Amino acid sequence: MRMSRFHRAIAALLMVCLSAVGTAPAFAGIVSSDAVVAGTARGQIASVLERSQVQARLQAMGVDSAQVQARVAALSDEEAAQLAARLDELPAGGSDVLGVLLIVFLVLLFTDIMGWTKIFPFTRPAQTSK
């Protein structure tokens, strides 16, 4: 079976491409765990700083986002890891008071619906069988 000119050209192109891939230098090095943790920490800090609420708050305080990014880049690996750990400790909603108030409201609403209390005028107690 004879190959057409087109198939020969494609085969030659593929051989050149594959031989070029094989000669590309590969660099390998040891990566310390501190560098991996620092990279992860910097990524976590960057993801928090990219949030729209954080950006709005920084602008309200008169802080330029470019300055913040430059300062995060200037942090040492240890400082970045410490900051990322502190970010994990912060409450997700911004305040624990809001969560407590929500739980208290839900408990009072439940007791109102069950008929044990009468606090909210917009609820009707569940019918109980007597």
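Predicted model: local features only at pLDDT ≥ 70, side-chain atom pairs only at ≥ 80, totals over all residues.
Visitor: Why is Phe-105 called partly exposed?

Guide: The relative accessible area of Phe-105 is 35%. Buried means under 20% and exposed means over 50%, so Phe-105, at 35%, is partly exposed. Phe-105 belongs to helix α6, residues 96-114.

Visitor: What makes the nonpolar surface patch?

Guide: Leu-102, Phe-105, Leu-106 and Phe-122 make the patch, which covers about 420 Å². Patch residues need over 30% relative accessible area; Phe-105 has 35% and therefore passes that cut-off.

Visitor: Why does Leu-108 count as partly exposed?

Guide: Leu-108 has 30% relative accessibility. The class lies between under 20%, which is buried, and over 50%, which is exposed, so Leu-108 is partly exposed. Leu-108 is also placed in helix α6. Its C-alpha atom is separated by 7.5 Å from that of Ile-119, 11 residues apart along the chain.

Visitor: How much space lies in the second largest pocket, and which elements give two or more residues to its lining?

Guide: The space is about 300 Å³. The elements are α2 (33-49), α3 (52-60), α4 (65-74) and α5 (77-89).

Visitor: How do you know which classes of residue line the second largest pocket?

Guide: The lining has 10 nonpolar, no polar and 2 charged residues. Arg counts as charged, so Arg-57 and Arg-71, both in the lining, fall in the charged class. Val, Leu, Ile and Met count as nonpolar, so lining residues including Ile-45, Val-48, Leu-49 and Met-61 fall in the nonpolar class.

Note on methods: Residues numbered from 1 in each chain as written. Heavy atoms only, no water. Patch = residues over 30% accessible without salt bridge, like charges linked within 9 Å, V, L, I, M, F, W, Y side chains within 5 Å. Areas by Shrake-Rupley, 256 points an atom, 1.4 Å probe, with all protein chains shown as cover. Salt bridge = Lys/Arg side-chain N within 4 Å of Asp/Glu carboxyl O. Helix = DSSP H or I, 4+ residues; strand = E, 2+ residues; numbered from the N terminus. Buried < 20%, exposed > 50% of the residue type's maximum accessible area, 1.4 Å probe, protein only. 1 Å grid on protein atoms, 1.4 Å probe; cavity = no way out; pocket = protein on both sides within 12 Å on 5 of 7 lines; lining within 4 Å. Points joined across faces, edges and corners; volume = space filled by probe spheres on them.
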